[in-house]
Amino acid sequence: PAASRAALADLAAAMGVDSPEAAAAGFLAVAVEQTAQAVRKISVERGFDPRTHALVAFGGAAAQVACDVAEALGCAEVLCP
């Protein structure tokens, strides 16, 4: 944790944000939005509206951000096997 905080503190200073936590929150927000955009693009190309489907979170750290991604997509349900 100390090494992570130190690295994020350097990035936060370079970005001009107040804290390592603010920098981490910014990175997370970008990751969530990019994931939502990718899901939205693929869904719409295949003729599906993601707002009318459940988001299925699978693999790696998907469950950690699934609710945020679902909110960005307008999904009301998340399935996490």
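**A walk through a predicted model**

Let's start at V78, which sits in strand β2, residues 78-79. Strands (E, at least two residues) and helices (H or I, at least four) are DSSP runs, numbered from the N terminus. What you have on screen is a predicted model, where local features need pLDDT of at least 70, side-chain atom pairs count only at pLDDT 80 or more, and totals for chains, interfaces and linings use all residues. Residues are numbered from 1 along each chain as its sequence is written, and side-chain values use heavy atoms, with hydrogens and water left out.

How much can you trust the prediction? The protein chain averages a pLDDT of 94, and 100% of the residues score at least 70. Among the elements of the chain, β2 has the highest mean, 96, while α1 has the lowest, 93. As a rule, where pLDDT is low, the predicted coordinates should not be read in detail.

Back to V78. With 29% relative accessibility, V78 counts as partly exposed. That label covers everything between buried (under 20% relative accessible area) and exposed (over 50%), using a 1.4 Å probe and protein chains only. Which residues does V78 touch? Leaving aside its neighbours within four places in sequence, V78 is in contact (heavy atoms within 4.5 Å) with L55, A57, A66, C67 and A70. As for I42, V78 is 36 residues from it in sequence and 18 Å from it in space, C-alpha to C-alpha.

In general, a disulfide is a covalent bond between the sulfur atoms of two cysteines. The search looks for a pair of cysteine sulfur atoms within 2.5 Å, and across the whole structure it finds zero disulfides. C67 is exposed, at 57% relative accessibility, whereas C80 is partly exposed, at 47%.

Now for the charged residues. Side chains of opposite charge can pair when their charged atoms come close. A salt bridge is a side-chain nitrogen of Lys or Arg within 4 Å of a carboxyl oxygen of Asp or Glu, and this structure holds three of them. In one, R5 and E21 meet at 2.4 Å, N to O. This pair links distant parts of the chain, since R5 is in helix α1 and E21 is in helix α2 (residues 20-45), 16 residues apart. R5 is partly exposed at 47%, and E21 is partly exposed at 43%.

Another salt bridge joins E45 and K41, whose closest N and O atoms are 2.6 Å apart. Both residues lie in helix α2, four residues apart, about one turn of the helix, and both are exposed. Then there is D49 with R51, where the closest N and O atoms are 2.8 Å apart. D49 is partly exposed at 26%, but R51 is exposed at 56%.

Last stop: a nonpolar patch on the surface, formed by L11, M15, V17 and F27, with about 330 Å² of accessible area together. Patches are made of residues with over 30% relative accessible area and no salt bridge; like charges are joined within 9 Å, and nonpolar side chains (Val, Leu, Ile, Met, Phe, Trp, Tyr) within 5 Å. Accessible areas come from the Shrake-Rupley method with a 1.4 Å probe, and for residues only the protein chains shown count as cover. L11 belongs to helix α1, residues 2-15, and is partly exposed at 41% relative accessible area.

Notes: pLDDT = per-residue confidence, 0-100.
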